[in-house]
Amino acid sequence: MSEIKQIVVVGGGITGLAAAYYLQKEIKHQQLPYEVKLLEASDKLGGKIKTEQKDGFTIERGPDSFLARKKSASELASEVGLGDQLVPNGTGQSYILVKNKLHKMPSGSFMGIPTKVRPFLFSGLFSPVGKVKAAKDFVKSKGAPQEDQSLGHFFRNRLGDEVVENLIEPLLSGIYAGDIDNLSLMSTFPNFYHLEQEYGSLIKGLNKTMPARKPAKKGKKPSMFLTLKDGLESLVEAVTDHLDEGTVYTNKAVDHIEKKDSHYNLLLNDGTVMEAASVILASPHSAVERMLSKHDLMKPFQEMPATSVANVALAFDASAVKKDIDGTGFVVSRNSDFRITACTWTHKKWPHSTPEGKVLLRCYVGKPDDQEVVDLSDEEIVEIVLNDLNKTMNITADPEFFVISRWKNAMPQYTVGHKQRMNEIQQAMEQELPGVYLAGGSYHGVGVPDCIDQGKDAVEKVLNFLK
């Protein structure tokens, strides 16, 4: 009988959970002589996915949804019995706040890039000069091939400063909670670079490659996002329930990983040692750098920044909001004096989350140049948020309650050169640490489906390595 080999997954966020789930699925399907252990440093699984149920409200303290077109999250939900719990977002007008005024998001834009001329020309978001600069994308020659560049540099060159600062930056920087003038194009949206290189124009490229949208019923926009009726944490719980008994260990941090002749020793915070034939590191880059500190190949992670944000959920009786807005939310231009970066009218975007007759607003604070706001007291943050909201709304009462979630140094920044650095690190790991693999939000995508995909990819690598 073959000796049972142990595979250890370090990190119990959605990446690690997906990796453990798909590992066990393949082990059973192929009848492999392996077992899986998952180690989580904290007392709770799920990483940034945290849902709070309070007074009939469903409040997401981390991500509230995932892109419907990226199938891995909905597929995993269906596999663990939650397919009938998937909920599409309520659709409606979204806005961008520029110079203290809410402007409708121009129809036909994709990630802030115009694909239809008429809505763009009639938008109050841009001056006539700004519109002319953006239109030059049609005639400007494509840029010289580059290994990487910042998102800001790329889009400013194609569409001008106004379109970047009033439309693209509020949308894209919100995803990564970073400064687009530092973020890597090739690690975030390489498809835009390839469109420019192939078609000589971003706008032309999008028009030629985007699938035609099916007309929505009764003039409604098609839903782009999905969530789960009881919150995204229900996915964490369902995946955990599908893992074999004895798989998960919480409050087990890995201090160091040592390579031996035929295996790895994981030195844990309680002084014990766990042996592994292969390891999936589904942990933030800062934790991985510490675990593998004896290896120079991890040094690039010492320079990888991470930003902080705070998610502020405010619950009101509907009577408290005297000036309502017909839409699902807004993002804030970088030129604004607002300290919030975005606000979702959650009761409209996700009607199931809010009792009838109530309002739930979810705002973010923590711009790259305003990190100190995250460290303020709850009361100070709420005062800042309400002050900003009342510049566009009329809220006449204090919230019935608020829930503030601080994510300190939790948003990894894919700065220019990130893809090349990751390639170099992974090549060095193949030589120095064969059988050890990275997966998670610090590496190849921050969305829930991106993290699940990385977990699945790591599973394939582990199984190939152990053959």
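**Sheet, helices and cores in a predicted model**

Let me begin with strand β2 (residues 34–39), which pairs with β12 in the parallel sense over 2 bridges; two strands count as paired if DSSP finds at least two bridges between them, and strands (E, at least two residues) and helices (H or I, at least four) are DSSP runs numbered from the N terminus. This is a predicted model, in which local features need pLDDT of at least 70 and side-chain atom pairs count only at pLDDT 80 or more, while totals for chains, interfaces and linings use all residues. Residues are numbered from 1 along each chain as its sequence is written, and side-chain values use heavy atoms, with hydrogens and water left out.

Within β12, valine 248 is the bridge partner of leucine 38. Both strands belong to an open sheet of 5 strands, ordered β12-β2-β1-β16-β24 with parallel pairing. Because β12 (248–249) and β24 (436–438) stand at the edges, each with a single partner strand, one side of each is left without a neighbour in the sheet.

Turning to the cores, the largest nonpolar core has 59 residues, and Phe155, Leu266 and Leu281 have the most contacts inside it. Such a core is a set of buried Ala, Val, Leu, Ile, Met, Phe, Trp, Tyr and Cys residues joined through side-chain atoms within 4.5 Å, where buried means under 20% relative accessible area with a 1.4 Å probe, protein chains only. Helix α6 (residues 161–176) supplies the largest share of this core, 6 residues.

Finally, in helix α2 (residues 72–79), the buried residues are Ser72, Ala73, Ser74, Leu76 and Ala77, and just after α2, glycine 81 takes a positive phi of about 90°.

Terms used
Buried means under 20% relative accessible area, exposed over 50%, partly exposed in between (1.4 Å probe, protein chains only).
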